[in-house]
Amino acid sequence: MPQFATSPGMRDILPPESARWRQFVATFASLVTDAGYGQVIPPLLEDIGVFSRLGEATDVVTKEMYDFTDKGGRHVALRPEQTASVCRAFVEHRPALPFKAWYAGSNFRYEKPQRGRYRQFDQVGVEVLGSDDAHVDVEVIALAWDFFASLGLQRVELVINSLGEPADRATYTSSVDQYLRSRFDELTAESRLTLERNPLRVLDSKRPPDADVIAGAPNIADYWSPEARTHFERVCDGLTTLHIPFVIDSRLVRGLDYYRRTTFEFRGGTLDSAQNALGGGGRYDGLVEDLGGPATPGVGFALGLDRTLLACDDEGVFGAQAHEPFAFVIDTTDGTHAMAITTALRRFGVPADRAFDGRSMKSQMKVADRSGAALAIIIGSDEAERSQALLRDLRSGGEQVVVSLSDVVATVATRFESQMNTGAQ
RNA sequence: GUGGGCGUAGCUCAGGUGGUUAGAGCGUCAGGUUGUGGCCCUGAAGGCCGGGGGUUCAAGUCCCCUCGCUCACCCCA
């Protein structure tokens, strides 16, 4: 047993999974960059005040934060999410409006680990600050939707709702509170506790005994102000125009307190998983102001890398791909030729690899085969004496030709290019 | 944080009612005529049986504690 292992909820991402992560972020980056979003890379650590606005009644803030006092006496925290950081950065630097930002990176939450739920977890997301046009909501949702599609996911469900204007949300919250108290005895013990802290969250309970009570709860739609209703309808119309299917769930109450008006969530195809929320987001028109900036509307979403990848596994799409070298150099002399040739090939942009430790011909051939290389460049003592090398095709029949050592790099580079051109790779 | 399940080689797992040098497959490494991979064959390396305590003549097997993983609740991505 190793003396050290990763801390709970933290893990190593190794090949080939790590390549999949990289490709995941690359796919996302290219999609949102093309849509006019610029990357923001906020620090991992912020003043704790940046995050306390996320909600007094949320576990994320009250008990899951990795916070501590640094050597300078500052009370800081590892970011539990990035929306607040992006807003803080906006307030600090005041970029031009609308500010369209995307991000990717790790967040930290001290939770009990589970599948699809880690203490260090990665998200990708976008935020748009400075416009409350419902079409921004639509754009943001459409980007997430298209991203899932570009991964190959087919069974993602979009659920949306509107929490109304702050005032709507407040009156709605108090009538839900009133209603739940009237049926207090029928609620599960857990829900009774939740009710004390955040009545809306009771609506999210997945415990069967609560279902009945929740079904009879007041509907947010009845509390929308005309403005909120109009805004929401414009969002729905936009999605319809773009042929993005959605389900309106009046009980969709997202976890963070800052949401106003539009909220949405993406759910994966596996219904049996408690972690089927791939990502979500919404409007947070008050956040920037809370962080000391001017009143600035904002919308955005964040997607969980792990959960989305889990959904990909379920649907059998976006699998990990190994990156294979084009050429593998086998040198049974002292390895100097292998050293020189792999380096030269790499400088020409040809992926190349070799074996070390002076292994036998057979052994090096095995390694070459396993590497997935298309071509073996073989230099044994005979070839070395004649200043030659053998080029052996590893993919098909194994045809072998003799090349002069001085021509090896150019010959292989040419082969590589013609293969790239035919798209065989 | 609460509750259930699990924890044996790098990986996936066997190891009835406790009994002598803990096994398999895959993987790794080395061989299988003269320097050439994939298939096949042979061999080797590799385990404080998660950790600690206890019961017993004897524990991978039983009991307690602890750590970790996992599932559900919770929370949320």
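Trainee: Which residue is the bridge partner of L129 in strand 11?

Mentor: That's G298. Keep in mind that this is a predicted model. L129 sits in strand 6 (120-129), and strand 6 pairs with strand 11 (298-304) in the antiparallel sense, over seven bridges.

Trainee: And what about strand 5 and strand 6, parallel or antiparallel?

Mentor: Antiparallel, over 10 bridges.

Trainee: Is strand 6 mostly buried or exposed?

Mentor: Nine of its 10 residues are buried, so strand 6 is largely enclosed by the rest of the structure.

Trainee: OK, zooming out. In what order do the eight strands of that open sheet run?

Mentor: The order is 1-5-6-11-10-9-7-8, and the pairing is mixed. Strand 1 (38-39) and strand 8 (247-248) are at the edges; each has a single partner strand, so one side of each has no neighbour in the sheet.

Trainee: Which strands does helix 10 touch?

Mentor: Helix 10 (residues 226-241) packs on the sheet and touches strand 7, strand 8, strand 9 and strand 10. Its direction makes about 160° with that of strand 7.

Trainee: And helix 5, what does that one lie across?

Mentor: Helix 5 (residues 134-151) lies across strand 5 (99-108), strand 6, strand 7 (157-162), strand 9, strand 10 and strand 11. Relative to strand 11, helix 5 runs at about 15°.

Trainee: How many bridges between strand 2 and strand 4?

Mentor: Three, in the antiparallel sense, with strand 4 covering residues 75-78. D47 has V76 in strand 4 as its bridge partner.

Trainee: Switching to the RNA. Which residues come nearest to RNA strand B?

Mentor: R201, R207, R254, R370 and L394, out of the 54 residues around RNA strand B.

Trainee: What part of the RNA is within 4 Å of the protein, sugar or phosphate versus bases?

Mentor: Of the RNA strand B atoms within 4 Å of the protein, 56% belong to sugar or phosphate, and the rest to bases.

Trainee: Which element gives the largest share of the surface near RNA strand B?

Mentor: Helix 14, with seven residues. Other elements supply at least two residues each, among them helix 3 (59-62), helix 7 (189-197), helix 15 (381-386) and strand 15 (388-393). Strand 6 and strand 10 from the eight-stranded sheet are also on that list.

Trainee: Now D204. Where is it found?

Mentor: D204 is in the loop between helix 8 (199-202) and helix 9 (208-215). With a relative accessible area of 28%, D204 is partly exposed. Leaving out residues up to four places away in sequence, D204 touches R251 and V253. Its C-alpha atom is 9.6 Å from that of S191, which is 13 residues away along the chain.

Trainee: And D306, buried or exposed?

Mentor: Buried, at 9% relative accessibility. D306 lies in helix 12 (residues 305-315). With residues up to four places away in sequence left out, D306 touches R11, W21, Y118, F121 and D122.

Trainee: Last one: how many disulfides does the count come to?

Mentor: Zero, taking a disulfide as a pair of cysteine sulfur atoms within 2.5 Å. As for cysteines you can look up, C87 is buried at a relative accessible area of 0%, and C236 also counts as buried, at 10%.

Key. Residues numbered from 1 in each chain as written. Chains lettered and ligands numbered in written order. Predicted model: local features only at pLDDT ≥ 70, side-chain atom pairs only at ≥ 80, totals over all residues. Heavy atoms only, no water. Pairing = 2+ DSSP bridges. Helix = DSSP H or I, 4+ residues; strand = E, 2+ residues; numbered from the N terminus. Contact = heavy atoms within 4.5 Å. Axes fitted to C-alpha atoms, helices over the stretch in contact; angles between N-to-C directions. Buried < 20%, exposed > 50% of the residue type's maximum accessible area, 1.4 Å probe, protein only. Near = heavy atom within 4 Å.
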